[in-house]
Every structure is written in structure tokens, then in C-alpha cells.
Amino acid sequence: MKKKIAVLMMATMPMLLAAGCSKPDESKIQSALVSTYKKAGLDDATANKAAACLAPKLHDSVSRSALNDIIDKGVNAKGTSDDEKAIQKAVDECKSSVAGG
């Protein structure tokens, strides 16, 4: 289960990157993540738990443009290496708590 969650979280990295104007609410980020995780096959509880962990971390550490791309472009987003590093750090911090380990 941990591996599947990590793979899905990493698969959404491109989604979390690129253009925009203002920083979206954490709730909008979380909603976009939940939708993506559900489409990728996670059950509702796990998708919500993963998104609840990631959304505030991403909101605090990822650029406005990358956060707006979560909402605007989904999996087609692109971004900077700094955003990618921040996303990887957030994913690493959430993996164990989401998988229950």
C-alpha cells in the first residue's frame, strides 16, 4: 500500500507545477488532489487522507503558479525544479502517515 501511494503521489508531481496568478485555498488544492487520486484508483478514505496531508504542505512550500496549475491543468502542469523539490519533500513527509506506517 505504501508503494502504491508513493507512486501515485509522485505521479501527480507534474500536475502540481506551472502557471497562475494568485495562491489558491488549501481546500481547492485538496479537492484537486482528491480527484486525481480517486481517478488513479485510490479509495475515498485514502485519497482524502493523502490530500489532507499534502495540501497544507504544498500550500506553504510550492509557488503560486504551481498551486494554480493543480486547479487549472491537472496532470498536464509543469513547473520549476524548486517546486519539484518542495513537492518531493511533502510527499516524503506524508507517505508514512497516509499508509499507516
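**Entry 1: Cys53**

I started with Cys53, which is found in helix α3. Helices here are DSSP runs (H or I, at least four residues; strands are E, at least two), numbered from the N terminus. I am working in a predicted model, where local features need pLDDT of at least 70, side-chain atom pairs count only at pLDDT 80 or more, and totals for chains, interfaces and linings use all residues. Residues are numbered from 1 along each chain as its sequence is written, and side-chain values use heavy atoms, with hydrogens and water left out.

Is Cys53 buried or exposed? I found it buried, because its relative accessibility is 18%; buried means under 20% relative accessible area, exposed over 50%, and partly exposed in between (1.4 Å probe, protein chains only).

Next I looked up what Cys53 touches. Not counting residues up to four places away in sequence, Cys53 meets Cys94, Ser97 and Val98, where contact means heavy atoms within 4.5 Å. For Ser97, 44 residues from Cys53 along the chain, I noted a C-alpha separation of 8.2 Å.

**Entry 2: α3 against α5**

Those partners sent me to the pairing of α3 with helix α5 (residues 81-99), whose axes come within 9 Å and cross at roughly 145°. The axes are lines fitted to C-alpha atoms, for helices over the stretch in contact, and angles run from 0 to 180 degrees between N-to-C directions.

Which residues meet here? From α3 I listed Thr46, Lys49, Ala50, Cys53, Leu54, Lys57, Leu58 and Ser61, and from α5 Ala86, Ile87, Ala90, Val91, Glu93, Cys94, Ser97 and Val98. The residues of this contact divide into 10 nonpolar, three polar and three charged. In that tally Ala, Val, Leu, Ile, Met, Phe, Trp, Tyr, Cys and Pro count as nonpolar, Asp, Glu, Lys and Arg as charged, and the others, Gly among them, as polar.

I also checked Lys89, which lies in α5. Lys89 counts as exposed because its relative accessible area is 54%. The C-alpha atoms of Lys89 and Ser61, 28 residues apart along the chain, are separated by 9.4 Å.

**Entry 3: helix α2**

I then moved to helix α2 (residues 26-39), the place of Thr36. Thr36 is buried, since its relative accessibility is 17%. What does its side chain reach? A polar atom of the Thr36 side chain lies 3.0 Å from the backbone oxygen of Ala32.

Leu33 is in helix α2 too, and it counts as buried because its relative accessibility is 0%. Its C-alpha atom is 7.8 Å from that of Ala55, 22 residues away along the chain.

Val34 also has its place in helix α2 and is buried, with a relative accessible area of 10%. Leaving aside neighbours within four places in sequence, I found Val34 in contact with Ala47, Asn48 and Ala51. Ala47 is 13 residues from Val34 in sequence and 5.2 Å away in space, C-alpha to C-alpha.

**Entry 4: the whole chain**

I stepped back and counted five helices and zero strands, running α-α-α-α-α from the N terminus on. Of the 101 residues, 42% count as buried. Of the contacts with a separation of 6 or more, 81% are between residues 24 or more positions apart.

Last, I looked up confidence. The chain averages a pLDDT of 81, and 72% of the residues score at least 70; pLDDT is the predictor's confidence in each residue, from 0 to 100. Which element has the lowest mean? It is helix α1 (residues 2-11), at 67, and the highest is helix α3 (residues 44-61), at 93. A note to myself: where pLDDT is low, the predicted coordinates should not be read in detail.

Definitions and conventions. Polar contact = N/O pair within 3.5 Å; in protein donor to acceptor, adjacent residues only side chain to side chain.
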